[in-house]
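Open your viewer and load the model. This tour tells you what to select at each stop and what is there.

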Amino acid sequence: WVTPFEQDPITQDVIYSGYDEVYKSINGGSSWSSISEGYNFGGNLNHLKIAPSNNNIIYAAMDSGLHKTVNGGITWSSLNGYSGNINSIAIHPSDTNKIAIATNSAQKVYVSIDGGENWESYLHDLPNFSALALVWQNNAENGLYVGMNYGVYYIDDTTPNNWIPFSNNLPNVQISELEINTA
């Protein structure tokens, strides 16, 4: 188990950490307070994501459980409608209702356009590898990258049912984390 840590995408010196609760520090880690006190995630969290355009929207996952707050942790709710344990969470950079999860299920990738109320499988033509990491590209085509145990694949609105291999001189290795360098 690796503790999930996230830096607030909007406010400097604010960081979050996930254990059996979600903790927040407003002073760069000098002190911490729970923002999920009393909410039962079922154990130590595996994943934590803060919406890039609204830091009150936070998703937390443990195994197959996905949880969400829209008010900075005051209240939390459980989401369902997908299958498998969650390997990654990605929140769209400008649309807080658009999220993607990578799972260990046969469907591999799910996307929701309504904040997790409903999910659509994005399996399409993905190869039979494990989906391990996700990241949205901040572009008009809603580009989504998935890192798998062999390489990276890309899909967007211009190719809605086809994943495209994204090699860009990358070795064909396991991809467990993805970041986009916008510079």
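Begin with two terms: helices (H or I, at least four residues) and strands (E, at least two) are DSSP runs, numbered from the N terminus. Two strands pair if DSSP finds at least two bridges between them. This is a predicted model, where local features need pLDDT of at least 70, side-chain atom pairs count only at pLDDT 80 or more, and totals for chains, interfaces and linings use all residues. Residues are numbered from 1 along each chain as its sequence is written, and side-chain values use heavy atoms, with hydrogens and water left out.

**Stop 1: a sheet**

Select S2 and S3. They form a hairpin, with 3 residues between them. Strand S2 covers residues 15-18, runs antiparallel to S3 and is joined to S3 by 4 bridges. Look at Gly 18: its bridge partner in S3 is Val 22.

Strand S3 (residues 22-25) and S4 are antiparallel, with 2 bridges between them. Lys 24 has Ser 33 as its bridge partner in S4. Tyr 23 has Ser 34.

**Stop 2: a salt bridge**

Select Lys 49 and Glu 6. Their side chains meet in a salt bridge at 3.4 Å, N to O. Lys 49 is in strand S5 (residues 47-50) and Glu 6 is in strand S1, so the pair ties together parts that are 43 residues apart in sequence. The term salt bridge here means a side-chain nitrogen of Lys or Arg within 4 Å of a carboxyl oxygen of Asp or Glu. A search of the whole structure finds 1 salt bridge.

The cut-offs are under 20% for buried and over 50% for exposed, with partly exposed in between (1.4 Å probe, protein chains only).

**Stop 3**

Select Lys 68, in strand S7 (residues 65-69). Lys 68 is buried yet has no salt bridge. The nearest side chain of opposite charge is Glu 117, 5.7 Å away. For charge, Lys and Arg count as positive and Asp and Glu as negative; His and the chain ends are not counted. The side chain of Lys 68 does reach the backbone oxygen of Gly 115, at 2.9 Å.

Move to Lys 108, in the loop between S10 and S11. Lys 108 is buried too, and has no salt bridge. Where is the nearest side chain of opposite charge? Asp 125 is 12 Å away. Leaving aside neighbours within four places in sequence, Lys 108 is in contact (heavy atoms within 4.5 Å) with residues including Leu 123, Phe 129 and Met 148.

**Stop 3: the nonpolar cores**

A nonpolar core is a set of buried Ala, Val, Leu, Ile, Met, Phe, Trp, Tyr and Cys residues joined through side-chain atoms within 4.5 Å. Select Val 109, Leu 126, Leu 134, Leu 144, Val 146 and Trp 163. Of the 16 residues in the largest nonpolar core, these touch the most other members. Several strands each supply at least two residues of this core, among them S11 (109-112) and S14 (144-148). A second, separate core has 14 residues, including Ile 57 and Leu 79.

**Stop 4: a buried asparagine**

Select Asn 142, in the loop between S13 and S14. Asn 142 counts as buried, at 18% relative accessibility. The side chains of Asn 142 and Asp 157 are joined by a polar contact of 2.7 Å. A polar contact is a pair of N or O atoms within 3.5 Å; within protein, one must be able to donate a hydrogen and the other to accept it, and residues adjacent in sequence count only if both atoms are side-chain atoms. Along the chain Asn 142 and Asp 157 are 15 residues apart, and their C-alpha atoms are separated by 6.2 Å.

**Stop 5: two positive phi values**

Most residues other than glycine have a negative phi, and most peptide bonds are trans. Select Asp 13, in the loop between S1 and S2. Asp 13 has a positive phi of about 70°. Asp 13 is partly exposed, at 42% relative accessibility.

Finish at Asn 168, in the segment after strand S16 (164-165). The phi of Asn 168 is positive, near 45°. Asn 168 counts as exposed, at 55% relative accessibility.
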